[in-house]
Amino acid sequence: MPRLLIVHHTPSPHTQEMFEAVVAGATDPEIESVEVVRRPALTVSPVEMLEADGYVLGSPANLGYISGALKHAFDCAYYQLLDSTRGRPFGLYLHGNEGTEGAERAVETITTGLGWIKAAETVVVSGKPIKRDVEACWNLGATVAAQLMEGNRGAS
């Protein structure tokens with residue numbers, strides 16, 4: 001069964017709301033045979049990242065960059081993931097009050113180095129998430145999970 005790993009840093013109610021919407025999309029009953037694992041960025045292990053078949057990453061944009069927690073997760077696992085996880089799909093959601101471009105660029109640089117494939121458009125929210133932001137997060141989780149489900153069907 002393919003495994004979707006959601007690596008998140010949710011220090012605020014806004015990022016928590018986004019995270020919950022991503023999880024709801026990824027675990028929609030129409031998505032079958034995909035294990036969804038959620039791990040805070042500060043506790044995710046390199047082994048958990050290696051065992052995943054796809055990823056959704058979530059972070060606040062702090063001072064124009066990804067959270068230190070998400071950066072830490074990649075610092076701990078990057079070399080173990082390199083060459084072992086190429087071609088795996090990922091999605092990204094960010095919350096920032098302004099200046100999220102640096103955070104987007106950082107994740108793009110890291111995931112390009114790993115050879116991961118962007119599975120959906122990045123969701124960027126400023127301020128309190130509104131209905132369309134929550135829906136976009138739901139769609140992000142569902143899209144990455146559905147790609148894993150479809151890939152698994154093709155392998156059967």
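Predicted model: local features only at pLDDT ≥ 70, side-chain atom pairs only at ≥ 80, totals over all residues.
**Figure 1. Overview of the whole chain.** Accessible areas come from the Shrake-Rupley method with a 1.4 Å probe, and for residues only the protein chains shown count as cover. By this method the chain exposes about 7,500 Å², of which carbon and sulfur atoms supply 51%. Residues are numbered from 1 along each chain as its sequence is written, and side-chain values use heavy atoms, with hydrogens and water left out. The secondary structure comes to five helices and seven strands (DSSP runs numbered from the N terminus: helices are H or I with at least four residues, strands are E with at least two), and along the sequence these follow the pattern β-α-β-α-β-β-α-β-α-β-β-α. The C-alpha atoms fill a box of roughly 45 × 35 × 25 Å along the principal axes. Of the 156 residues, 47% count as buried (buried is under 20% relative accessible area, exposed over 50%, partly exposed in between, with a 1.4 Å probe and protein chains only).

**Figure 2. Close-up of helix 1.** Helix 1 covers residues 13–26, and its 14 residues reach 20 Å from the first C-alpha to the last, close to the 20 Å expected at 1.5 Å a residue (the expected span is 1.5 Å times one less than the number of residues). The buried residues of this helix include Met18, Phe19, Val22 and Val23, and among them are also Thr15 and Gly25.

Figure 3. Thr111 sits in helix 4, which runs over residues 101–114, and it counts as buried because its relative accessibility is 3%. The side chain of Thr111 reaches the backbone oxygen of Val107 at 2.7 Å. Leaving aside neighbours within four places in sequence, Thr111 is in contact (heavy atoms within 4.5 Å) with Leu57, Phe90 and Trp116.

**Figure 4. Close-up of the aromatic pairs.** The structure holds four aromatic pairs (rings of Phe, Tyr and Trp, the last by its six-membered ring, with centres within 6.5 Å; planes under 30 degrees apart are stacked, over 60 edge-to-face, the rest tilted). The ring centres of Tyr78 and Tyr79 lie 5.4 Å apart with planes at 85°, so this pair is edge-to-face, and Tyr79 counts as exposed at 67% relative accessibility. Phe90 and Trp116 form a tilted pair, 6.1 Å centre to centre with 50° between the planes. Because Phe90 lies in strand 5 (residues 89–95) and Trp116 in the loop between helix 4 and strand 6 (117–118), this pair ties together parts that are 26 residues apart in sequence. Phe90 is buried at 6% relative accessible area, and Trp116 is buried at 6%. Ring pairs link Tyr55, Phe74, Phe90 and Trp116 into a cluster.

Technical notes. Polar contact = N/O pair within 3.5 Å; in protein donor to acceptor, adjacent residues only side chain to side chain.
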